Amino acid sequence: MHDQLPDHRRIGRDLGLFGTDPLMGAGLPYWLPDGAVVRHTLEEYIREAEVRAGYRHVYSPALGKRELYEISGHWDHYRDDMYPPMRMGAEEVVLRPSLCPHHALIYRSRARSYRELPLRIAELGTMYRAEPSGVLGGLTRVRAIRLNDAHVFCTLDQAVAESRAALELIARAYADLGIRAVRHRLSLPGAGGKYVADPALWRRATALLREVLDRAGVAYEEAAGEAAFYGPKIDVQIADPAGRESTLSTVQIDFHQPARFGLRYTGADGARHRPVMVHRSVIGSVERAVAHLVEVHGGAFPAWLAPVQLAVLPVGAEQEERAAAVVAEARARGLRAEFAGPGEGSLGARVRAARLVPYVAVIGAREAAADRAAVRLRDGRRPGELPVAELLSRIAARVAARGTGLWE
């Protein structure tokens with residue numbers, strides 16, 4: 001039964017979004033042009049949302065010295081998921097399994113004052129996980145991960161508000177993307193030695209995250225054994241069409257790494273204080289986010305995210321020149337428009353081929369003469385004939401508004 005459910009691997013292949021090659025290696029997919037459009041658009045959306053929320057973006061390298069991860073605790077607690085070190089002269093460098101140690105170094109690159117806090121640092125960066133070959137699949141489990149990551153360095157009094165704001169940012173993104181959270185989970189430590197041994201740290205961070213969830217009015221369940229090695233976290237859970245859950249977005253409060261890296265700020269009292277580090281990811285892994293979007297929408301992405309937003313179909317060869325001009329006008333407005341002429345089949349065949357495109361503009365002799373287009377929406381509605389300028393303005397407005405609606 002499940003083989004009939006939407007599967008991003010099959011849909012991605014059918015739509016030409018991404019692929020794999022054994023010479024590149026397992027768990028290392030490449031992105032084809034249409035898939036790259038979806039990925040790029042999603043990344044730009046996140047960057048813009050973060051800028052509006054007061055984040056500043058940085059770039060950091062995908063390599064780090066082994067010593068960096070020894071300080072952060074990754075080497076002791078997360079080594080099984082890391083690639084082996086590579087020797088470079090007298091040094092050993094590692095493909096990073098996380099961005100947070102790099103951001104801690106960026107924070108401490110100069111003296112900080114309480115006036116700068118909260119300092120919100122964001123990055124869409126690549127990290128690497130040494131996933132076993134048996135668990136790899138499509139975009140959901142990969143070895144090179146594009147992570148939407150951010151770290152807020154703040155005072156203890158600011159930590160709850162910053163974490164709650166992160167939950168609100170996640171909820172807004174889910175609404176714009178047309179996806180939903182099936183539940184929120186408070187992930188706590190479990191049995192075993194993979195966690196930092198500091199009971200007081202865990203109690204403080206857990207109490208703060210409970211306060212975040214309670215203030216946000218979000219129902220949640222607790223799960224032992226799902227915490228990060230350095231602290232508890234809020235996990236926003238999604239489900240695939242078969243009902244299998246996974247974590248897409250997270251919010252964490254971390255006292256461990258600020259202490260390990262000796263992070264400080266000068267307070268209003270002139271004394272040196274240690275900041276709290278809030279880790280948050282709005283869409284988590286770009287790969288997993290796109291996989292989920294493909295399955296939720298069956299390839300019929302929200303208009304703002306669609307690889308092709310407008311297909312322009314001349315009825316006959318006599319309208320090709322006008323249709324091509326409409327495509328050029330649409331592209332000049334920043335829309336992703338494509339021309340599908342009679343050489344690609346009958347009008348009916350071309351309409352069927354464009355079934356996943358949000359907007360189809362058909363231009364016959366009458367429409368070409370009047371500078372109009374007959375409009376068809378992906379959901380089956382036909383708003384009728386519109387002046388081309390009005391049509392493009394309407395589409396551009398819907399795209400700019402994001403969200404999932406096609407027409408007002």
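The following questions and answers concern a predicted model.

Student: How many Å apart are the end C-alpha atoms of helix 6, and what span should its residues give?
Tutor: Helix 6 covers residues 159-177, which is 19 residues. At 1.5 Å a residue, these should span 27 Å, and the distance in the model agrees. The end C-alpha atoms are 27 Å apart.

Student: Which residue follows helix 6, and what is its phi?
Tutor: Helix 6 ends at residue 177, and its buried residues include Leu177. The residue that follows is glycine 178, with a positive phi near 75°.

Student: Which strand gives the most to the lining of the largest pocket?
Tutor: The largest pocket holds about 1300 Å³ of space. Helix 4 (74-77), strand 8 (144-154), strand 11 (233-239), strand 12 (245-254) and strand 15 (276-281) each give two or more residues to its lining. The most comes from one of these, with five residues: strand 12.

Student: How many residues of the lining of the largest pocket are charged?
Tutor: The lining has 46 residues, and those nearest the pocket centre are Tyr78, Met127, Arg129, Lys233 and Thr250. Arg and Lys count as charged. By class, the lining has 16 nonpolar and 14 polar residues, and the charged ones number 16.

Student: Why is one side of strand 17 and of strand 20 left without a neighbour in the sheet?
Tutor: Five strands form an open sheet with mixed pairing, in the order 17-16-18-19-20. Strand 17 (337-339) and strand 20 (384-387) stand at the edges, so one side of each is without a neighbour. The reason is that each has a single partner strand.

Student: What is the bridge partner of valine 362 in strand 19?
Tutor: Strand 18 (residues 359-363) and strand 19 (residues 372-377) run antiparallel. Four bridges join them. The partner of valine 362 is alanine 374.

Student: Does strand 7 run parallel or antiparallel to strand 3?
Tutor: Strand 7 (residues 119-128) is mostly covered, with seven of its ten residues buried. Strand 3 (residues 56-57) is joined to strand 7 by two bridges, and histidine 57 stands opposite alanine 122. The sense of this pairing is parallel.

Student: Which residue in strand 8 is the bridge partner of tyrosine 128?
Tutor: Strand 7 also pairs with strand 8, in the antiparallel sense and over ten bridges. Strand 8 is among the elements that line the largest pocket. The partner of tyrosine 128 is alanine 144.

Notes
Residues numbered from 1 in each chain as written. Predicted model: local features only at pLDDT ≥ 70, side-chain atom pairs only at ≥ 80, totals over all residues. Heavy atoms only, no water. Expected span 1.5 Å × (residues − 1). Buried < 20%, exposed > 50% of the residue type's maximum accessible area, 1.4 Å probe, protein only. 1 Å grid on protein atoms, 1.4 Å probe; cavity = no way out; pocket = protein on both sides within 12 Å on 5 of 7 lines; lining within 4 Å. Points joined across faces, edges and corners; volume = space filled by probe spheres on them. Pairing = 2+ DSSP bridges.
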